[in-house]
Amino acid sequence: MNKSNNQDNLLEKIVSLAKRRGFVFQSSEIYGGLNGCWDYGPLGVELLNNIKSEWWKAMTYREDIEGLDASILMHPKVWEASGHVENFTDPMIDCKQCKSRYRLDVLGDSINEKKKVKAIQELKESVKNNNTLQTKVDEILNNSGDEDPFERLLEVQELSGMLLQQLNCPQCGNKGTFTDARKFNLMFKTFVGPVEDSGAVVYLRPETAQGIFVNFLNVQGASRQKLPFGIAQIGKAFRNEINTKNFLFRTREFEQMEMQFFVKEGEDKKHYDYWKAERLQWFKNLGMTPDKLRYHDHPANKLAHYAKEAVDIEYEFPFGWGEIEGIHNRTNFDLSRHEEFSGKSLKYFDEQAKEKYIPFIIETSAGASRSFMAFLVDAYYEEEVKGETRSVLKFHPRLAPIKAAIFPLVNKDGMPEIARKIETDLRKSFRVFYDDKGAVGRRYRRQDEAGTPYCITVDTQTLDDKMVTMRERDSMEQERVSIDQLSGYLLNKLHND
Ligand code: GAP
């Protein structure tokens, strides 16, 4: 049995399996789809719910974290205070010729290296007579370190327009057809009430975090928590992303699993380090390949305006490393801003120290949808078994959409009756699947593709010994298990492994 290392078309294969087996469908497919939106099918919704449920248990089944479910629409001032109205923007350019739209900061991904080098040469030529610009260009070219000088030149407002004039549009191939960069706010706007005027504007939340910040004192008062403590929330978030690509990786509607941990200033570093370790371990505990996980610490010059320290947990997707979760030390920025904009005190009274202060916040922010994609990609294997290729999703049993499939070997001799009785009993505690169609080997393959960890077959011997054949998905090993111990067997596998 060989684990396939074949990365060719891996993402296409996974997208195709996801559709065929009912994990993920394109949104509004019969109308041609809606870019950046996806629907979770019968197996997908189980997997997504299992991921969220594991996160919820890990985060809130402890003394120091409370749950919350805040509304998606919030008072518009929330987004002024948070900085989203002003800063939640991407720099965007359009091609005047073919109307294609690009995010300036990732334009480099669509242009080959030779063309970038040539455009930089041409830029150098055009700034020759301007000492200030020439110094800027030289500074960037000489001090880029690990960073791409092309990207850094595009970041400088006075240079980006000149550099863009040297480039061909990746879509239509015309040169010098780009507009100057403009700020494009990623928040979706809508209106409350019947009148669509500026006074009625609200936003679909671009992150769940703000619902937690504005409820900090409500939750703290109601739960009588003392610092340090956290508030956790799972919910939808919306961003009008310019480039949606790579399946579920960057979508316009997605789910986040966020937890904000409120701590006293001075203790922030200790909690930041704790959550950094804890969150990586969560992915590993659920079976994600350790070698495909890494930290990416944000360098000080790239930190978000509110952050003192930040790290991404990255997964190695078929298209490269990508962030699946961010851990930030957000300082007291958020609560201070909400205090300022709302005029309401958000200070915590520390009974022990007999002082009032605004806590620091350590944030853990994971994408449920992006984690879904990482778990799906990580679980996918192609293996040669007896000269045939089997596609298998090796989900951790706790994440698997279906925990066990039940097969009667043949549809006679009392086997279906026993199998149906087992199904009814197990269904009280587990999501199970009954299948009596086709050869047992084919039934196994169908469950392998769905990621079902256990297959239970009722055979001729069962009629005598009241035992069934239990086949484990990854090893494909089989053992006999007594019917009356099946439930305990599965519980043990789900909770102790
Ligand atoms: N509250 C902090 C925050 O929202 P973020 O890095 O913008 O931070 C956190 O987002 C996580 O949300 C990311 O690590 C990613 O998993 C997920 N995420 C963000 N934008 C996404 C998108 N357009 N599509 C899918 N997931 C996204």
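Two strands pair if DSSP finds at least two bridges between them. Helices (H or I, at least four residues) and strands (E, at least two) are DSSP runs, numbered from the N terminus.

This is a predicted model, in which local features need pLDDT of at least 70 and side-chain atom pairs count only at pLDDT 80 or more, while totals for chains, interfaces and linings use all residues. Residues are numbered from 1 along each chain as its sequence is written, and side-chain values use heavy atoms, with hydrogens and water left out.

**View 1. An open sheet of five strands.** The strand order is S21-S20-S22-S23-S24, and the pairing is mixed. Strand S21 (432–434) and strand S24 (478–482) are the edges, each pairing on one side only. From one strand to the next, the twist averages 25°. Strand S23 (residues 467–472) runs antiparallel to S24, and five bridges join them. Look for Thr469: its bridge partner in S24 is Arg480.

**View 2. A helix on the sheet.** Helix H15 (residues 440–450) packs on the sheet and touches strand S20 (404–408), S21, strand S22 (454–458), S23 and S24. Its direction makes about 165° with that of S20. Axes here are lines fitted to C-alpha atoms, for helices over the stretch in contact, and angles run from 0 to 180 degrees between N-to-C directions. Contact means heavy atoms within 4.5 Å.

**View 3. The largest nonpolar core.** A nonpolar core is a set of buried Ala, Val, Leu, Ile, Met, Phe, Trp, Tyr and Cys residues joined through side-chain atoms within 4.5 Å. Buried means under 20% relative accessible area, with a 1.4 Å probe and protein chains only. This core has 55 residues; Phe23, Ile324, Phe372, Leu376 and Phe395 have the most contacts inside it. Helix H13 (residues 368–379) gives the most, with eight residues. Leaving aside neighbours within four places in sequence, Phe372 touches residues including Phe23, Tyr40, Leu48 and Leu248.

**View 4. Arg330 in its loop.** Arg330 sits between strand S14 (320–329) and helix H12 (333–342). Is Arg330 buried or exposed? It is buried, with a relative accessible area of 2%. Its side chain makes a polar contact (a donor and an acceptor, N or O, within 3.5 Å) with the side chain of Asp334, at 2.8 Å. Beyond neighbours within four places in sequence, Arg330 contacts Glu207 and Glu363, among others.

**View 5. The chain start.** Where pLDDT is low, the predicted coordinates should not be read in detail.

How values were computed:
Buried < 20%, exposed > 50% of the residue type's maximum accessible area, 1.4 Å probe, protein only.
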